[in-house]
Amino acid sequence: MPQQNPPFSDVADVYDQLSDFFAEVLGGSIHLGYWDEDAVPGVDAMAAASERLTAIMIDRIEVGPGQRVLDVGCGTGQPAVRLAEDRGVEVVGITVSAEQVAAATRLGRERGLGDRLSFLLADAAALPFPADSFDAAWLFESPPHLPDRVRVLREVARVVRPGGLVALTDFVQLAPMTEHERGAATEVMASFHLGGFCPLTEYSDLVRRAGLAPVEVADISANTIRADDAFVEAFLPALRAKAAEFGDLGTAAVDTIAAVTEQLNDLSAIGYALVVARA
């Protein structure tokens, strides 16, 4: 798969340019959705699936009013807003994208949550927070961009109080790959600065090396990236429909994103996991 334009210099560049575009296409949040058996293609279905996965993540971290949650890789803020509204918590989101900080801050203010939501530029591998300063944390599809997952999770373990829960979603390797598949996976990773695919069978060990105790490591590929093609059938038409609204940027990006999506969909050895651990 030849890489298409535009070239992205780093992860921040990807999201500075395309966060609004991704959010529009994916139904508000910049993450995949959880597709159930009744899901049908379309932008509304994309939004519903996205909200469903956010709700699953909210349930996993088990927080309530007065508590404080760290959102590592906050995107444009939609999951943080949902979390704050549903559970009455304070959420602090971090990202490497200045455009995402601005968008998430704006969304929080629009929803009247400015006193309980804050977003800032920060390096997940060197969190600017004292130890034990959060009751829980989540990494909502940000791990794929991390060159060193263990280092970041160690930092998360440091800032989450003992006993607090950490939830994440990540692309994982489900089975050994052929040489051709490894080449295709390398192209996918290069296109959007992904840090590699951890084997699902090794995720519990990865979590332990970070100082966390694994609670759940679940393969949810069948309801996300492998949801009977529901995701691809909804995502690609929505992608092309929105491209024109974003002018030259959307037109330039759509071929790259579509190619990466189709390539990833063809890689049956790559799946999607939900992981929960305790600090």
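## Confidence and overall make-up

The protein chain has a mean pLDDT of 85, with 81% of its residues at 70 or more. Residues 1-8 fall below 50, and this stretch has 23 contacts in the model beyond near neighbours in sequence. The model is predicted.

The protein chain holds nine helices and eight strands. Of its 279 residues, 56% are buried. Among contacts between residues at least 6 apart in sequence, 78% join residues at least 24 apart. The exposed surface comes to about 11,500 Å², and carbon and sulfur atoms supply 49% of it.

## Nonpolar cores

The largest nonpolar core has 45 residues. Ile 61, Leu 83, Leu 117, Trp 138, Phe 171 and Phe 197 touch the most other members. Helix α2 (residues 43-61) gives the most to this core, with five residues. Apart from this core lies another, of 33 residues, among them Val 150, Val 160, Tyr 203 and Val 275.

## Helix α3 and Arg 82

Helix α3 spans residues 78-87. It is mostly covered, with seven of its 10 residues buried. Those seven are Gln 78, Pro 79, Ala 80, Val 81, Arg 82, Leu 83 and Ala 84. Gly 88 follows α3 and has a positive phi, near 65°.

Arg 82 has a relative accessible area of 18%, so it counts as buried. Not counting residues up to four places away in sequence, Arg 82 touches Glu 51, Thr 54, Ala 55 and Ile 58.

## Helix α4 and Ala 104

Helix α4 (residues 98-110) has 13 residues. From first C-alpha to last it reaches 18 Å, close to the 18 Å expected at 1.5 Å a residue. Its buried residues are Gln 100, Val 101, Ala 103, Ala 104, Leu 107 and Gly 108. Just after α4, Gly 112 takes a positive phi of about 70°.

Ala 104 counts as buried because its relative accessibility is 0%. Aside from neighbours within four places in sequence, Ala 104 is in contact with Gly 75, Thr 76, Gly 77 and Phe 119. Ala 104 and Gln 78 are 26 residues apart in sequence, yet their C-alpha atoms are 7.4 Å apart.

## Salt bridges

Side chains of opposite charge can pair when their charged atoms come close. The model has 10 salt bridges. In one of them, the side chains of Arg 82 and Glu 51 meet at 2.6 Å, N to O. This pair links helix α3 to helix α2, across 31 residues of sequence. Arg 82 is buried, whereas Glu 51 is partly exposed at 28% relative accessible area.

Glu 216 pairs with Arg 60, with the closest N and O atoms 2.8 Å apart. The two are 156 residues apart, Glu 216 in strand β7 (residues 213-219) and Arg 60 in helix α2. Both are partly exposed: Glu 216 at 24%, Arg 60 at 27%. Arg 161 and Asp 135 form another salt bridge, at 2.9 Å. Their strands are β5 (residues 160-173) and β4 (residues 134-140), respectively. Arg 161 is partly exposed at 29%, while Asp 135 is buried at 19%. Salt bridges that share partners also join Glu 51, Arg 82 and Asp 86 into one network.

Definitions and conventions. Residues numbered from 1 in each chain as written. Predicted model: local features only at pLDDT ≥ 70, side-chain atom pairs only at ≥ 80, totals over all residues. Heavy atoms only, no water. pLDDT = per-residue confidence, 0-100. Contact = heavy atoms within 4.5 Å. Helix = DSSP H or I, 4+ residues; strand = E, 2+ residues; numbered from the N terminus. Buried < 20%, exposed > 50% of the residue type's maximum accessible area, 1.4 Å probe, protein only. Areas by Shrake-Rupley, 256 points an atom, 1.4 Å probe, with all protein chains shown as cover. Expected span 1.5 Å × (residues − 1). Core = buried A, V, L, I, M, F, W, Y, C linked by side-chain atoms within 4.5 Å. Salt bridge = Lys/Arg side-chain N within 4 Å of Asp/Glu carboxyl O.
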